[in-house]
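Thanks, everyone. I have a few minutes, so let me take you through one structure. Please look at the sequence and the model first.

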Amino acid sequence: MFSNLVGLFLLIAVGFAAVRLNIVPASASKPMSSLLMKITLPATVFISMIRPFDSSFLILGGIAILLSLVFFSLFAALSLPLSRLMRVPDGRRGMWCCCATFSNTGFMGFPVVYALFGDDGLVLAVLFNIPFNFLLYSIGAWMASMDTVGDKSRRSFSLRAILVSPLNGAILLGLIFYFAQLP
């Protein structure tokens, strides 16, 4: 486990050094992040879901989804009273609640889970992340918009925008391949 994490952080250090030594320009950060979030991470998720069918693993996946719904709903429900208790100013309360409820599971979470637990852990993390994605882009977006002034600046969010993403597409495609047992 330690060597996997060290390897992951060595890769991060190589990227940092490449920018500091002007081997890679700092402006490459945005396209590299886009490559990671739109291609590399979805491909890794999809590949990790190509596995033999196992009903006990399916039960673990269902438990992961259920726990995600319970935890993130509970965190969301507790965040507003806690923000008042912590005396977070009104103009910052929505973003505080959003940050207290949701974490950054995709950008660093999935690579760490993959490094520590391999394909099985990544699939369970992906399944745990299904309700997270829906709640983040619905309730989380609503929380973040709480800080805007006036109703005109509040944005509306469509279900299509919430569900359609490269990662969610990879999850859906991976589930289809898993249940159909396509190689």
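Start with a term. A salt bridge here is a side-chain nitrogen of Lys or Arg within 4 Å of a carboxyl oxygen of Asp or Glu. By this rule, the count is 2 salt bridges. I'll come back to both.

Ground rules next. This is a predicted model: local features need pLDDT of at least 70, side-chain atom pairs count only at pLDDT 80 or more, and totals for chains, interfaces and linings use all residues. Residues are numbered from 1 along each chain as its sequence is written, and side-chain values use heavy atoms, with hydrogens and water left out.

Now confidence. pLDDT is the predictor's confidence in each residue, from 0 to 100. The chain has a mean pLDDT of 84, and 91% of its residues reach 70 or more. Confidence is highest in α3, at a mean of 92. Helix α6, residues 159-163, is where confidence is lowest, at a mean of 66. Where pLDDT is low, the predicted coordinates should not be read in detail.

The fold. Helices (H or I, at least four residues) and strands (E, at least two) are DSSP runs, numbered from the N terminus. The chain has 7 helices and 0 strands. Along the sequence, the pattern reads α-α-α-α-α-α-α. The C-alpha atoms fill a box of roughly 50 × 50 × 30 Å along the principal axes.

Some totals. Buried means under 20% relative accessible area, exposed means over 50%, and partly exposed lies in between, with a 1.4 Å probe and protein chains only. Of the 183 residues, 30% count as buried. Accessible areas come from the Shrake-Rupley method with a 1.4 Å probe, and for residues only the protein chains shown count as cover. The accessible surface of the chain is about 11,700 Å², and 73% of that belongs to carbon and sulfur atoms. A contact means heavy atoms within 4.5 Å. Take contacts between residues at least 6 apart in sequence: 79% of them join residues at least 24 apart.

Back to the salt bridges. Which residue does D120 pair with? D120 forms a salt bridge with R51, and the closest N and O atoms are 2.7 Å apart. D120 lies in helix α5, while R51 sits in the loop between α2 (29-48) and α3 (55-85), so the pair ties together parts that are 69 residues apart in sequence. D120 is partly exposed, at 41% relative accessible area. R51 counts as buried, at 17%.

The other pair is D90 and R93. Their side chains meet in a salt bridge at 3.0 Å, N to O. Both residues lie in helix α4 (residues 90-101), 3 residues apart, about one turn of the helix. D90 is exposed, with a relative accessible area of 59%. R93 is buried, at 13%.

Staying on helix α5, residues 105-145, look at N129. Is N129 buried or exposed? N129 is buried, with a relative accessible area of 2%. Leave aside its neighbours within four places in sequence, and N129 is in contact with T105, F110 and L167.

Cysteines. A disulfide is a pair of cysteine sulfur atoms within 2.5 Å. How many disulfides does the structure hold? It holds 0 disulfides. C97 is in no disulfide; its nearest cysteine sulfur, in C98, is 8.7 Å away. C97 counts as buried, at 1% relative accessibility. The sulfur of C99 is 5.6 Å from the closest cysteine sulfur, also in C98, and that is too far for a bond. C99 counts as exposed, at 53%.

On to α2. The bend at a residue is the angle between axes fitted to the seven residues ending there and the seven starting there. By that definition, α2 bends by about 40 degrees at L36. Buried residues in α2 include L41, P42 and V45.

Last, backbone angles. Most residues other than glycine have a negative phi. N22 has a positive phi, near 60 degrees. N22 is in the loop between α1 (2-20) and α2, and counts as exposed, at 67% relative accessibility. R87 also has a positive phi, near 60 degrees. R87 is in the loop between α3 and α4, and counts as exposed, at 73%.

That's my tour. Over to you.
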